[in-house]
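Let's take a walk through this model together, one region at a time. Keep the viewer open and follow along.

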Amino acid sequence: MVTHYRAALAALAMTTLLGSGALAESHEMALSGELKIFSDMSNPAPRAVMEGMVERFGEMHPDLDIELTVIDREAYKTQIRNFLTANPPDVANWYAGNRMAPYVDAGLFEDVSDLWDAEMSESLASTKGAMTLDGKQWGVPYTYYQWGVYYRKDLYEEHGLEEPQDWETFKSNCQTLLDNDIKCFTIGTKFLWTAAGWFDYLNMRTNGYDFHMALTAGEVEWTDDRVRQTFANWAELIEMGAFIDNHTAYSWQEALPFMVNGDAAAYLMGNFAVAPLREAGLSDDQLDYYQFPAINGDVELAEDAPTDTFHIPSGAQNKEAARAFLEFVTSAENQTEINAGDALGQLPVNANSSVDEDKFLKEGFETLSSNSPGGVAQFFDRDAPAEMAKVAMEGFQEFMVKPDNLDRILDRLERARQRIY
Amino acid sequence: MAPLPPSTADRPAPGPAPRSWWRRNQIAITPWLFLAPGILFFAVYVLIPVFQSFNVSLYEWDGLGAAEYVGLRNYEEMYWDDAFYTSLKNNVIWLVLYLLAIPMGLAIALLLNQTVTGIRIYKSLFFFPFVISQVVVGLVFSWFYDPSFGLLNVMLGWFGAGPVNVLGDERWVTYGIIAAGLWPQTAYCMILYLTGLNAVDPEQIEAGRLDNARGFRMLWHIILPQLKPATFIAFVVTIIGALRSFDLISIMTGGGPFGQSRVLSFYMFEVALSEYGFRMGYGAAIAVVLFLIMLVFITYFLWSMYREERGR
């Protein structure tokens, strides 16, 4: 799992780069020593991206010995606790928002506010808030992606439906589909978080971004009437039978075939669902995207856009090189390259980067940059503390199966809120 | 008064030079020396952690920062925690139903305890589920139960019964996982009984035949008493297996739907060590409760083994 990039590559790079001459100024400080990077980008495409980044950074700093360790993405979530305390690398992947709070509070992440100068604060403005805790920044973002409704355009056209702009059309579309024996939405709630996506959108559309943030920050009671209104909207869909049956048995991937086979027409998901849907045979003529429509006209639209990040552990040995790497990661050229359709296939955070020609990326970029005036949330399990997220997501799943249990669920969540915050 | 004779201890011992301390105590010490590595590791990895668990359960600790002493608050919270009672109830269901592996294993062992051509192949096939990993068992059963393409629902369809979402329905999920767990556990009990049956005394069977015992009476009065050691071991491993039922739950449902298939060991893991957990204190409190439940069985096992030893 450990890859050493140095001698051959660096030497090769030197010869090619020396010819071009222009490189010298941009990297005035010569970095040396060892740079240890732990990454959770273990899926094939992200892994190639990570390795590519290390390679290019190594070319720029030939004296630096970069050691990259890629750890399985799920295993990483528990291992990070061990290696941050016992064996800290110089750079580590993690997530923005409240997800980094335990490590910030425990003093395990380095304060990198010095990197966030005026220039960076402007180019990465969209996620500065998500990287900020206690008024300081604790890492840098490298990618994010939009959430939204991915739907079967051909099925919508077949039944004369259009992308809904409001809640009424959203529901009437669904009724038409149901009348034709097609489920409106596929979902797999086995691992819970998919249900949280629905809650995020319904709550942000019903009560707005600020309320949603207050709720995930524990400032609002779960038994509040506004929360109940969100669940009431959700219950309308559940009682219509909008979601596929037996969704508790499926993971999000296992729920994809329903959409591919035409048994369900749409999926509220992150942009990462596009790749497997395409691989399963859906062409871009069949697959399309729309932003979750407004429910309450009085609140501004807000979106979920989970951000993935790089951090420097406070126990890092080579902080100088680590800071240079973070700066390199956030540069506009690098973010353009790593987020391209044939790389991560996601959105660059740097406002000066260009977005790939992919239609979903373009739509997503537009949604997030100009059509999300309310704000950009991270995702329920990154905005809320881990414990609260777990209890709440279990409640969401239960609600989707047994909407009548709402009172019991909300009481439970409220008890948890009082204990956790 | 005549002077006392000088104490013998002051006098050099007659005969050969005194034996060294080691030589004198060799017999008594040797067993302890052989036991020492075992005792050391048992203490470090089992006994001391048990007491550490007791200790941690009195703290609120996320595994990173400073631990805060909270007394019995973790236990108080457990008292109000629905998820804890669900897990406890499931543990009881596991304990009771998992014991089915013993009669089932016995039945298969009796069936296979004959000399037919190729019986070894049949025996190996029946033993097969115990050899494969629990993770594989879990995956196979997940597909078997799958509501859209699983074999179970295809078969139910032949009888006109509707699809059952076994692993996604809170009423069925625990039973579904136990059924998966019984598959390898039955094989284990079978192998225990097969070896036990080898040791059954043919003369006693002969004598029973003469007394006109056959069928069930033969089994109950002649065979089973001789299988008592095998039954005892089967009981022990099954009880322990039921209390450790972690991997199947983790693979098949991850504790869901909405936490209805959790058992105490899984809940402890989820609270203390999973992605959303890291409440070491509460996890340790659950572990303590699980330990006390196990202690009941451990005491019983030790007591009956002790009685057995003394009876000889």
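Over residues 87-301 of chain B, the chain is 73% helix and 0% strand, and its end C-alpha atoms lie 24 Å apart. Please keep in mind that this is a predicted model. An unreviewed UniProt entry lists that span, residues 87-301 of chain B, as "domain: ABC transmembrane type-1".

UniProt, again in an unreviewed entry, also lists "transmembrane region" for several spans of chain B, including residues 125-145 and 218-243. Have a look at these two. Residues 125-145 of chain B are 90% helix and 0% strand, with the end C-alpha atoms 22 Å apart. For residues 218-243 of chain B, the figures are 96% helix and 0% strand, and the end C-alpha atoms are 34 Å apart.

While you are in chain B, find B:Phe258, in the loop between helix H12 (247-252) and helix H13 (264-273). For context, most residues other than glycine have a negative phi. B:Phe258 counts as buried because it has 26 C-beta neighbours inside 10 Å, and the cut-off for that label is 20 or more.

Next comes the place where the chains meet. Chain B brings 19 residues to the contact, and chain A brings 22 residues. On the side of chain B that touches chain A, seven residues are nonpolar, seven are polar and five are charged.

Inside the order, strand S8 (residues 147-152) and strand S10 (residues 264-270) of chain A pair in the antiparallel sense over five bridges. Along that pairing, A:Val149 stands opposite A:Leu268 in S10(A).

One last stop in chain A is A:Phe379, in the loop between strand S14 (375-377) and helix H18 (380-383). Is A:Phe379 buried or exposed? A:Phe379 is buried, because 23 other C-beta atoms lie within 10 Å. A:Phe379 also has a positive phi, about 155°, although it is not a glycine.

How values were computed. Residues are numbered from 1 along each chain as its sequence is written. Chains are lettered from A and ligands numbered from 1 in the order in which they are written. This is a predicted model: local features need pLDDT of at least 70, side-chain atom pairs count only at pLDDT 80 or more; totals for chains, interfaces and linings use all residues. Two residues are in contact if their C-beta atoms, placed from the backbone, lie within 7 Å. Ala, Val, Leu, Ile, Met, Phe, Trp, Tyr, Cys and Pro count as nonpolar, Asp, Glu, Lys and Arg as charged, and the others, Gly among them, as polar. Two strands pair if DSSP finds at least two bridges between them. Helices (H or I, at least four residues) and strands (E, at least two) are DSSP runs, numbered from the N terminus. UniProt positions are given in the numbering used here, feature names are shortened, and annotations may be inferred rather than shown by experiment. A residue is buried if 20 or more other C-beta atoms lie within 10 Å of its own, exposed if 12 or fewer, and partly exposed in between; C-beta atoms are placed from the backbone.
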